Amino acid sequence: MSKKSSATQWLWTAVVIAAAMAAGIIIWQKMPHESTPASTTVAVPSASSTAIAPSGEAPARHPIEQVQPEPAGSSTVTLPSLDTSDTSMVDSLKGLAGDGLSGLLLTDRVALRIVATLDALPRQDVASGILPLRTPTGSFLVDEANGTTTLSDRNVARYAPYMQIVEHVDTRAAVAWYVHNYPLFQAAYRELGYPHGYFNDRLVQVLDDLIDAPEPNGPIVLEKPKALYVFSDPGLQSLSVGQKVMVRVGPDNEAKLKAKLRDIRAALTGAHLPPK
């Protein structure tokens, strides 16, 4: 897996939590034997205000206005501009996700990091500098037996802090938080290079890609042609960054993440995906 794709894994945590609706927890890790700290810079343009869709452009496929409104008692405070939103974004995310998020969340350009990371998940790689969360501690573990290298089940322990956050977050509250902060995400999405796009549409695409991740049976065989491990199965190696993350976290965690992501998708679109 490339250095860029490693940044993809812990992103889910930020995504599920931070994006409050589409990400369930982005657990990432590098395939090499050491973890790399996330960059503190985000290589995307800055924005000073929320963006409004120009008249005459294509309508949104999943209009945010059709998402169930926020529950009674939710905040009606006016949103800050994108450039000044970090403090309120961090405070609200910690309230949503619990104390476990404090040591993982990167606190600068939060909305931009979430949007850029989510947008990258269906692709083949993601830049580590855009991640909203710190990567897992410890070394990436493999098992060796009879000349074969496999992904070790011991790696699951590295994802525990992220999974605790995912399980702590209430789907309805997360979606309400997302809807309230949507103008900030939309502004960040347009600044990212999509002047006529809708972030909610992209988020639904991301959720569908993650939910569609395969569920391998048995040990996952790895090989190391160069400095980094890759999946021996060409089908697994060709997966999107987000789907590779889903596979790496282990079958139990993958099932929990998919259940959460299905609930989020249903809340955002008003439609449940049929079970496979």
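How do the residues of the lining of the largest pocket divide into nonpolar, polar and charged? There are eight nonpolar, four polar and seven charged, where Ala, Val, Leu, Ile, Met, Phe, Trp, Tyr, Cys and Pro count as nonpolar, Asp, Glu, Lys and Arg as charged, and the others, Gly among them, as polar. The model is a predicted one, so to speak of local features takes pLDDT of at least 70 and side-chain atom pairs count only at pLDDT 80 or more, while totals for chains, interfaces and linings use all residues. Residues are numbered from 1 along each chain as its sequence is written, and side-chain values use heavy atoms, with hydrogens and water left out.

The largest pocket holds about 330 Å³ of space. Here a pocket is an open set of points on a 1 Å grid over the protein atoms alone where a 1.4 Å probe fits, with protein on both sides within 12 Å along at least five of seven lines; lining residues have an atom within 4 Å of a point. α10 (251-269) and α9 (241-248) each give at least two lining residues, and α10 brings the largest share, five. Helices are DSSP runs of H or I of at least four residues, and strands are runs of E of at least two, numbered from the N terminus.

Elsewhere, four strands form an open sheet in the order β1-β2-β3-β4, with antiparallel pairing; strands pair if DSSP finds at least two bridges between them. β1 (142-145) and β4 (230-231) are the edge strands. Strand β3 (residues 221-223) is joined to β4 by two bridges, and E223 has V230 of β4 as its bridge partner.

Terms used:
Points joined across faces, edges and corners; volume = space filled by probe spheres on them.
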